[in-house]
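The sequence and the model come first, and the description follows.

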Amino acid sequence: MRSRLRALRALTLALLVMLGARLWQVQVVDGPRYVAAATETRTRDVVVPAVRGQILDSTGRLLVRNRTALVVSVDRTALVKMKDGGKAVMARLGAVLGRNPADLTRRIRPCGPTVSKPCWAGSPHQPVPVDGDVSTREALQIMERQERFPGIVTSVQAVRDHPGRSAGVQALGYLQPVTKEELERREGFKAEFSGVDVSGRDGLESVYDRELRGTPGRKRVQVDRLGRVLGTEEQVAARPGDMLITSIDARVQAVTEKAIAEAMEAAPQADGAAGVVLDARSGRVVAIASAPTYDPGVWTGGIEEEDYRRLLSKRSGQPLVSRAIKGEFAPGSTFKMSSVAAMLRAGYPIDGRYNCPGSFMVGGRSFNNFRGRALGVLSLHTALVKSCDTIFYRAAFEQYTRDGGRKPRGKPKEIMANTARAFGFGRPTGIDLPGESPGRIPDRAWKKETWVATKEENCRRARTGYPEVARTDAGRAAFLKALARDNCQEGDQLRPGDAANFSIGQGDVLVTPIQLAAAYAALVTDGRLRSPRVGWMLVRPDGTKVREIEPPVTGKLPISPAERAYIKRALSQVTADGTAAGAFLGFPMKKVKIGGKTGTAEVYGKADTSWFASFAPVHDPRFVVVVMVSQGGLGSEAAAPAVRKIYEGIYGFTPEGKRAPAALPGWAPAAAPPVIGPDGTVVRKVKAGRGKVR
């Protein structure tokens, strides 16, 4: 018995020692951790999203603003935990909102390679908005019977609103939910994530997303064991996002949108158009438009699959794509100002006389003037005004021959191509908009790169031909097979015809409207090539200036001021005595003289691309206006009339040349951004002085 009692005492003592050690570990060693955990069970840290900054035009008009809306969101995680996967809750929600429950369920599915829209591309931790603008009555039905709608959240949120609806929508951009990848990729972003954040996906909303987003606040609230809020312990207010003041003028933007839309309507085959208005002196963008366009409201509350497909569909004209910065097209004769500059660099006399026959033989092939017209002996000045092609064919072929033709010895000079690059072609301008296309300068290096990339396919087609084309067009199929054979064998060589086509903006050369506008702005002002800017200034909501956004100088044209002035004088006559004279008949040139160049670029299987690049007033240019109409026909018949309408809107003229309300009463872009007051409102609009215009 004694031995048993001793064993029991020893066991009891050991248990007491173990208990004491455990209590010491819990209370002393791990005490702070358990205190923190206990505190966590009665408090919650909530990230409060900041109000996104507004986007203004150059005079203070709102381009993008915030408005409050009642938004219904679904916590997918909460539904998954329910026995029926939330089907009953979604059915009740569909009845309240008047929506199909199956459609609501599709909206909360995570997007993936095999999942089409509607689906949720945002973070899995974020409640999924399923209706972005419900009525107060619908919201109250959910909020007052929360027990019947577990996992359903109704809140007042700020949503983006575009007062001008579709005006400039491609440049302004849109918002979409923050994705899981963004949370992981962006440093410090995960800690600031509020659960209802959105991110800029295109346009200015994307480029200036960090500034527009602001800094979220934090709130620590007390909750009970069911998670119900009992009170607030501490709160740090969110800092609203900065306002973005742009150089866009909403009135000029509206005029430009209308002009290119009417140009498309007037050309039955037209499938797209773009218009750019630049401040010629500063490089700031006054208007930038692309057609067809779309209503940005489709993004609110999640976009439907049908709408998303339409925005990307070629049949509907790909409204989501900005043709002003992403569309690449052969520039036609608008490109000849670069070719004249190349001729001057190559040593052709500026005061020389040049024959303009109806056709010119290049490498055994006849290259014709427009409609085969022979214009006699011309100066370079008149060659630009009358748009003679054969003068440029000859010059390009001569330079091609001097470089050694198909197989040059040493490094060829390639003056035509290198001059075009000096004008900014073949590379992005660097405009503060995402997704800009670089265009294309088809020189010898490009030919070799393309040949390497396409040789295998061309050689295969040289053997098999194009049977799928032959079913409907045997002649076309035979031509394609012969072309494939040629490209297979000698596709790495720049041909004489390639050089000739390049000189008049045809063949493989491609430019964007914004590139052409930037090049013309440099030509008619100080010769400096600038990277255009849409953003002008970032301002805090209290009016404090954050920073001004200056268009940087990216290059200098490779010709002298006298040579630039010579080309400018020639372009100044195009609207009076050249290819655009008919389009500007009756325009009050004595009040505002306009210069420019038409372009008509041929596209196989389609109607011609119509261009007009212009500047005004001629004496001291303030504006450069470029319009492109895809499948619009002649430059003088589609693009030039659209440019005229833009100038009529800017200066306040009617088609008959009479005065009307001007989009810019001062006949000049805003000289300075508007002043924002401490309460965030525009307190002073800066107007440009009218000055003398000739």
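## An exposed loop residue

G410 has a relative accessibility of 64%, so this residue counts as exposed (exposed means over 50% relative accessible area, buried under 20% and partly exposed in between, with a 1.4 Å probe and protein chains only). G410 sits in the loop between helix 16 and helix 17. Helices here are DSSP runs of H or I with at least four residues, strands are runs of E with at least two, and both are numbered from the N terminus. Between the C-alpha atoms of G410 and Q515 there are 31 Å, with 105 residues separating the two along the chain.

E414 belongs to the loop between helix 16 and helix 17 (415-422). With 16% relative accessibility, E414 counts as buried. Apart from neighbours within four places in sequence, E414 is in contact with D403, D443 and R444, where contact means heavy atoms within 4.5 Å.

## Basis of the model and overall layout

The model is predicted, with local features needing pLDDT of at least 70 and side-chain atom pairs counted only at pLDDT 80 or more, while totals for chains, interfaces and linings use all residues. Residues are numbered from 1 along each chain as its sequence is written, and side-chain values use heavy atoms, leaving out hydrogens and water.

The protein contains 25 helices and 25 strands. Its C-alpha trace spans about 130 × 65 × 50 Å along the principal axes. Of the 694 residues in the protein, 51% are buried. Taking contacts between residues at least 6 apart in sequence, 69% join residues at least 24 apart.

## Nonpolar cores

A nonpolar core is a set of buried Ala, Val, Leu, Ile, Met, Phe, Trp, Tyr and Cys residues joined through side-chain atoms within 4.5 Å. The largest one has 83 residues, and I288, F425 and V624 have the most contacts inside it. Helix 22 (residues 513-524) supplies the largest share of this core, nine residues. A second, separate core has 40 residues, including A580, A638, Y651 and W667.

Which residues does I288 contact, leaving aside its neighbours within four places in sequence? They are G168, A171, I248, Q253, G275, V276, A324, I325, I431 and L433.

## Aromatic pairs

A pair of aromatic rings is described by the distance of the centres and the angle of the planes. Rings of Phe, Tyr and Trp (its six-membered ring) pair if their centres lie within 6.5 Å; planes under 30 degrees apart count as stacked, over 60 as edge-to-face and the rest as tilted. The structure has 15 aromatic pairs. One of them joins F329 and W611 edge-to-face, at 6.5 Å centre to centre and 75° between the planes. F329 is in the loop between helix 13 (305-312) and helix 14 (336-345), and W611 is in strand 22 (residues 609-616), so their pair ties together parts 282 residues apart in sequence. Both F329 and W611 are buried.

Y651 and F653 form a stacked pair, because their ring centres are 6.3 Å apart and their planes lie at 25°. Y651 counts as buried at 0% relative accessibility, and F653 counts as buried at 4%. An aromatic cluster is formed by F584, F587, F612, F623, Y647, Y651, F653 and W667.

## Helix packing

The axes of helix 16 (residues 390-402) and helix 21 (residues 496-503) come within 8 Å and cross at roughly 135°. Axes are lines fitted to C-alpha atoms, for helices over the stretch in contact, and angles run from 0 to 180 degrees between N-to-C directions. Helix 16 and helix 21 are therefore oblique to each other; angles under 35 degrees count as roughly parallel, over 145 as roughly antiparallel, 65 to 115 as roughly perpendicular and the rest as oblique. In helix 16, F392, Y393, A396, F397 and Y400 meet P496, A499, A500 and S503 of helix 21.

Helix 12 (residues 250-266) and helix 25 (residues 639-651) pack at about 155°, with axes 9 Å apart. That makes helix 12 roughly antiparallel to helix 25. The crossing of helix 12 and helix 25 is right-handed.

Definitions and conventions: A crossing is left-handed if the near helix is turned anticlockwise from the far one by less than a right angle, and right-handed if clockwise.
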